[in-house]
Amino acid sequence: MCNEYQLILPFDEVIETFNRTGDRLVFPGGMPNFGPMASIRIGDRAPIITRGPDGSQLIVSPWAWKSPQGRPVFNFRSDGRSFDGVTRCLIPTDGFFEFTDAEPGQKRKTKWRFTMADAPIFWVAGLVRDGAFAMLTTEPGPDIAPYHDRQIVLLRPDAALDWLDLRKPEAELLRPLPEGSLSVEKVFPEAA
């Protein structure tokens, strides 16, 4: 399951991508000041987009809230659930990572980076609770199934408001993208 992602493209591209939806972002805490983030991990603070009192807002929030048992909730199963009446968010990214068993002669797991084949920036559907966010998950699509038995819910750039405002049925949004939507590359171990 996704426990690491990246946002290395210039932040202006996130704003431009969202603004192409016809909506505009506001920055209630001021414009965030951060550079490329090659590795965003559980507990890190990262930008998310939610609905606020003045419209769509970009805020910086920690990834993962605490469960009643004290464990971090960083992925949240979407299957069979409704998210009407909760705070939904978009998690901007330009890539995420999955891990498979270590290759022969390696001690660390093999690391794979996934990007959207036709979009430099895309969204992960998420929820906000207790001032933190988690990524929604679903059954794996054909691009992820060879690497993992679950996947995060990915949204194309133009689907931002569909998720934030539930403009489409949740069953249509919270499912894997069609085959060929994602590109994958092995990050570790590097090819010799």
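Buried means under 20% relative accessible area, exposed means over 50%, and partly exposed is in between (1.4 Å probe, protein chains only). α1 itself spans residues 11-19, and its buried residues are Phe11, Val14, Ile15, Thr17, Phe18 and Asn19. As a reminder on helix geometry, an α-helix has 3.6 residues a turn, so residues three or four places apart point the same way.

Take Phe11, which sits in α1 and is buried at a relative accessible area of 12%. Setting aside neighbours within four places in sequence, Phe11 is in contact (heavy atoms within 4.5 Å) with Met31, Pro32, Phe34, Pro47 and Leu58. Arg51 is 40 residues from Phe11 in sequence, and their C-alpha atoms are 19 Å apart in space.

## About the model

This is a predicted model, where local features need pLDDT of at least 70, side-chain atom pairs count only at pLDDT 80 or more, and totals for chains, interfaces and linings use all residues. Residues are numbered from 1 along each chain as its sequence is written, and side-chain values use heavy atoms, with hydrogens and water left out.

## The chain as a whole

Overall, the chain has three helices and 15 strands. Its radius of gyration is 16 Å, close to the 16 Å from the globule rule for 192 residues, so the chain is as compact as a globular protein of that length. That radius is taken over C-alpha atoms, and the rule is 2.2 Å times the number of residues to the power 0.38. Along the principal axes, the C-alpha atoms fill a box of roughly 55 × 35 × 35 Å. Of the contacts with a separation of 6 or more, 71% are accounted for by residues 24 or more positions apart.

As for the surface, 47% of the 192 residues count as buried. The chain exposes about 9,600 Å², with carbon and sulfur atoms supplying 49% of it; the areas come from the Shrake-Rupley method with a 1.4 Å probe, and for residues only the protein chains shown count as cover. On the charge side, there are 22 positive and 26 negative side chains, and the centres of the two sets lie 5 Å apart. Lys and Arg count as positive and Asp and Glu as negative, leaving out His and the chain ends, and each charge is placed at NZ of Lys, CZ of Arg, CG of Asp or CD of Glu.

## The nonpolar core

The largest nonpolar core holds 52 residues, and Tyr5, Phe96 and Trp163 touch the most other members. Such a core is a set of buried Ala, Val, Leu, Ile, Met, Phe, Trp, Tyr and Cys residues joined through side-chain atoms within 4.5 Å.

Thr50 is in strand β3 and counts as buried at 3% relative accessibility. Its contacts, leaving aside neighbours within four places, are Gly55, Ser56, Gln57, Ile59, Thr87, Arg88, Cys89, Val128 and Leu164. Ala132 is 82 residues from Thr50 in sequence and 12 Å from it in space, C-alpha to C-alpha.

Ser39, in strand β2 (residues 37-41), is partly exposed, with a relative accessible area of 31%. With the neighbours within four places left aside, Ser39 is in contact with Glu4, Tyr5 and Asp44. Asn3 is 36 residues from Ser39 in sequence, with 9.8 Å between their C-alpha atoms.

Most residues other than glycine have a negative phi, and most peptide bonds are trans. Ala64 isn't a glycine, yet has a positive phi of about 105 degrees. Ala64 is in the loop between β4 and β5 (65-66) and is buried, with a relative accessible area of 17%.

Asp130 also isn't a glycine, and has a positive phi of about 50 degrees. Asp130 is in the loop between β11 and β12 (132-138), and at a relative accessible area of 66% Asp130 is exposed.

Methods:
Helices (H or I, at least four residues) and strands (E, at least two) are DSSP runs, numbered from the N terminus.
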